[in-house]
Amino acid sequence: MDLNFEERAVAFIDILGFKNIVNLAASDSRKQNELGKLISLLSNAVPQLNLMLHINVPKEIIPEYIYISDCIILSTPLLSKERGNHRGLSILVMRVIQIANLMRSNGYLIRGGISVGQVWHSESNIVGPAYQEAYKIETETVVPRVGLSSAAREIWIKTEGHGNSMCLDYKGCFMVNLLHD
């Protein structure tokens with residue numbers, strides 16, 4: 001197996017309240033129905049968002065994803081070999097906001113982490129320090145938000161500046177503005 005690590009932006013997104021729904025679904029048919037709808041929502045979220053993209057959007061800049069249980073993991077190259085103006089972190093942040101809006105409109109909140117660095121991402125797996133860091137950020141976040149690593153924050157400020165409201169610094173945490181439209 002050839003593991004080709006590359007510089008990517010990685011997001012690890014967790015749906016809050018999933019464990020409780022799963023536990024209740026074991027004995028409550030209404031909760032089983034709710035769980036089934038949530039699983040369907042999770043499995044279709046990224047493919048539905050991808051269908052809304054213009055046909056001319058290059059495939060290489062569309063974030064790759066994996067859906068596992070109640071988590072969605074996304075990654076995209078930080079830089080494009082073909083498109084000099086590609087800003088992978090910005091594209092990933094936009095996709096996280098889209099997912100947050102979709103989940104919120106269905107009654108669910110998310111929590112997560114975004115990192116940048118070395119990753120190998122296939123259709124069925126993701127491995128690398130950036131993925132591990134994004135996961136760690138999610139596990140250390142106690143409120144519904146998606147925090148950025150310090151390296152991701154540096155890249156964001158360098159490429160987007162302080163005027164872009166898709167990310168913001170709030171009470172010492174640099175995070176995605178999940179309420180951004």
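How far is the sulfur of Cys71 from the closest cysteine sulfur, and in which residue does that sulfur lie?

## Cysteines

The structure discussed here is a predicted model. In it, the sulfur of Cys71 lies 18 Å from the closest cysteine sulfur, which belongs to Cys173, and this is too far for a bond. A disulfide is a covalent bond between the sulfur atoms of two cysteines. The cut-off used here for such a pair is 2.5 Å between the sulfur atoms. For Cys173, the closest cysteine sulfur is that of Cys167, at 10 Å, again too far for a bond. The structure holds 0 disulfides.

Cys71 is buried, at 10% relative accessibility. Cys173 is buried as well, with a value of 16%.

In soluble globular proteins, nonpolar side chains tend to be buried together. The largest nonpolar core in this model has 39 residues, and the members that touch the most others are Val96, Ile114 and Val176. Helix 3 supplies the largest share of this core, 9 residues. Apart from this core lies another of 10 residues, including Val10, Phe12, Ile66 and Cys71.

Not counting residues up to four places away in sequence, Val96 touches Ala11, Ile13, Leu74, Ile110, Ile114, Val146, Val176 and Leu178.

## Val176 in strand 8

Val176 belongs to strand 8, which covers residues 173–176. With a relative accessibility of 3%, Val176 counts as buried. In sequence, Val176 and Val96 are 80 residues apart, while their C-alpha atoms are 8.0 Å apart in space.

The contacts of Val176, leaving aside neighbours within four places in sequence, are Val93, Val96, Ile97, Ile114, Val146, Leu148, Met166 and Cys167.

## Helix 3 against helix 5

Two packed helices are described by the angle between their axes and the distance between the axes. For helix 3 (residues 88–105) and helix 5 (residues 150–160), the axes come within 9 Å and cross at roughly 105°. An angle of 65 to 115 degrees counts as roughly perpendicular, so helix 3 and helix 5 are roughly perpendicular to each other.

On the helix 3 side, the contact is made by Leu89, Ser90 and Val93, and on the helix 5 side by Ala152, Ile155, Trp156, Thr159 and Glu160. Sorted by class, this contact has 5 nonpolar, 2 polar and 1 charged residues.

Ser149 sits in the loop between strand 6 (146–148) and helix 5. Is Ser149 buried or exposed? Its relative accessible area is 3%, so Ser149 is buried.

Leaving aside neighbours within four places in sequence, Ser149 is in contact with Ile114, Ser115, Val116, Glu133 and Ile137. Ile114 is also one of the residues that touch the most other members of the largest nonpolar core.

## Positive phi in two loops

Most residues other than glycine have a negative phi, and most peptide bonds are trans. Ser69 has a positive phi, near 55°, and is not a glycine. Ser69 lies in the loop between strand 2 (64–68) and strand 3 (71–77). Its relative accessibility is 43%, so Ser69 counts as partly exposed.

Lys171 is not a glycine either, and has a positive phi of about 50°. This residue is in the loop between strand 7 (167–170) and strand 8. With a relative accessible area of 75%, Lys171 is exposed.

How values were computed
Residues numbered from 1 in each chain as written. Predicted model: local features only at pLDDT ≥ 70, side-chain atom pairs only at ≥ 80, totals over all residues. Heavy atoms only, no water. Axes fitted to C-alpha atoms, helices over the stretch in contact; angles between N-to-C directions. Helix = DSSP H or I, 4+ residues; strand = E, 2+ residues; numbered from the N terminus. Parallel < 35°, antiparallel > 145°, perpendicular 65-115°, else oblique. Contact = heavy atoms within 4.5 Å. Nonpolar A, V, L, I, M, F, W, Y, C, P; charged D, E, K, R; others polar. Buried < 20%, exposed > 50% of the residue type's maximum accessible area, 1.4 Å probe, protein only. Core = buried A, V, L, I, M, F, W, Y, C linked by side-chain atoms within 4.5 Å.
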